[in-house]
Amino acid sequence: MLNLLEPTPPHWVEHASADLPRLLSDHAHCELKAAQSALSLVGRYAGEAPELVEPLVALAKEETQHYQLVHQRIAARGERMALPASDKYVRSLQQAAREDHREAPALLDRLLVCAFIEARSCERFKLLSEHLPDPDLAEFYAALMVSEARHYRLFSGLAEARFGQAARTRMQRLAEREAAIAAHLPLGPTVHG
Ligand SMILES: [Fe+2]
Ligand SMILES: [Fe+2]
């Protein structure tokens with residue numbers, strides 16, 4: 001249902017739980033970037049695709065709230081945010097979409113790249129919810145996993161509503177690229193690493 005052709009190896013959770021401060025800080029940055037990229041889509045496409053405005057403004061608010069929740073956990077643990085690091089998974093995905101960009105309109109690819117980021121985060125949060133030893137943190141990730149699945153459906157639904165069959169075809173192509181990227185990234189204590 002998430003269109004992920006390459007499952008994350010379950011032992012990724014060991015990397016994540018071995019460095020929770022880094023995982024949480026990276027996760028908080030992911031939430032903030034999700035809010036920013038939703039607003040950036042609104043800024044660029046409100047004129048030609050006004051149907052994006054309401055759902056993406058609502059999404060940006062929700063992702064900002066997620067950032068706040070993760071940050072509150074970081075503060076409660078007596079830790080601090082690290083500086084934002086470049087997300088190699090996201091960069092590779094954007095690059096893969098651009099490489100064959102003549103196949104699809106830019107907006108379609110931007111919506112689908114967001115859909116895959118949500119899908120992969122959802123898959124990773126599910127692993128955390130099932131395997132983290134801290135029951136409270138595991139429950140937190142179970143709740144966020146549900147949001148990420150909904151966000152995946154939002155982005156893929158917006159793409160399909162606007163681009164129809166072209167969206168479904170492009171989704172399959174990008175699913176193959178996404179799987180190849182996921183298979184080659186070294187595992188680490190980050191949401192997409
Ligand atoms: Fe989120
Ligand atoms: Fe999300």
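## Leu4 and the segment before α1

In this predicted model, Leu4 has contacts with Ala119, Arg120 and Glu123, once its neighbours within four places in sequence are set aside. Leu4 itself belongs to the segment before α1. The C-alpha atom of Leu4 is separated by 9.9 Å from that of Gln172, although the two residues are 168 residues apart along the chain. Leu4 has 17 C-beta neighbours inside 10 Å and therefore counts as partly exposed, since a buried residue needs 20 or more.

Asn3 is also placed in the segment before α1. Its backbone has a positive phi of about 65°, and Asn3 is not a glycine. Because 16 other C-beta atoms lie within 10 Å, Asn3 is partly exposed.

## Packing of α5 and α7

Two packed helices are described by the angle between their axes and the distance between the axes. For helix α5 (residues 106–131) and helix α7 (residues 165–184), the angle is about 50° and the axes are 10 Å apart. The two helices α5 and α7 are therefore oblique to each other. Their crossing is right-handed.

On the α5 side the contact involves Leu108, Leu112, Phe116 and Arg120. These meet Ala166, Ala167, Arg170, Met171, Leu174, Glu178 and Ala182 in α7. By class, the residues of this contact are eight nonpolar, no polar and three charged.

## Arg170

Which residues are in contact with Arg170, leaving aside its neighbours within four places in sequence? They are Glu103, Ala104, Leu108 and Leu112. Leu108 and Leu112 are also among the α5 residues in the contact of α5 with α7.

Arg170 is part of helix α7. Is Arg170 buried or exposed? Arg170 counts as buried because it has 21 C-beta neighbours inside 10 Å, and the cut-off for a buried residue is 20 or more. The C-alpha atoms of Arg170 and Trp12 are separated by 29 Å, and the two residues are 158 residues apart along the chain.

## Packing of α4 and α7

Helix α7 also packs with α4, at an angle of about 145° and with the axes 10 Å apart. The crossing of α4 and α7 is right-handed.

Which residues of α4 meet α7? They are Tyr89, Ser92, Leu93, Ala96 and Ala97, and they meet Leu174, Arg177, Glu178 and Ile181 in α7. The contact of α4 with α7 contains six nonpolar, one polar and two charged residues.

## Packing of α2 and α3

Helices α2 and α3 pack at an angle of about 160°, and their axes are 8 Å apart. The helices α2 and α3 are therefore roughly antiparallel to each other, given that angles over 145 degrees count as roughly antiparallel. The crossing of α2 past α3 is left-handed. In the contact of α2 with α3 there are 17 nonpolar, five polar and three charged residues.

## The largest nonpolar core

The largest nonpolar core has 47 residues. Which of them touch the most other members? These are Leu111, Leu112, Ala115, Phe116 and Ala159. Two or more residues of this core come from each of α1 (12–18), α2 (20–45), α3 (53–76), α4 (88–99), α5, α6 (135–163) and α7. Helix α5 gives the largest share, 12 residues.

Glu54 is located in helix α3. Glu54 is exposed because 10 other C-beta atoms lie within 10 Å, and the cut-off for an exposed residue is 12 or fewer. A distance of 39 Å separates the C-alpha atoms of Glu54 and His11, which are 43 residues apart along the chain.

Where does Asp87 lie? Asp87 is in the loop between α3 and α4. With 19 C-beta neighbours inside 10 Å, Asp87 therefore counts as partly exposed, as 20 or more are needed for a buried residue. The C-alpha atoms of Asp87 and Ser37 are separated by 14 Å, with the two residues 50 residues apart along the chain.

Conventions:
Residues numbered from 1 in each chain as written. Chains lettered and ligands numbered in written order. Predicted model: local features only at pLDDT ≥ 70, side-chain atom pairs only at ≥ 80, totals over all residues. Axes fitted to C-alpha atoms, helices over the stretch in contact; angles between N-to-C directions. Helix = DSSP H or I, 4+ residues; strand = E, 2+ residues; numbered from the N terminus. Parallel < 35°, antiparallel > 145°, perpendicular 65-115°, else oblique. Left-handed = near helix turned anticlockwise from the far one by under 90°. Contact = placed C-beta atoms within 7 Å. Nonpolar A, V, L, I, M, F, W, Y, C, P; charged D, E, K, R; others polar. Core = buried A, V, L, I, M, F, W, Y, C linked by C-beta atoms within 7 Å.
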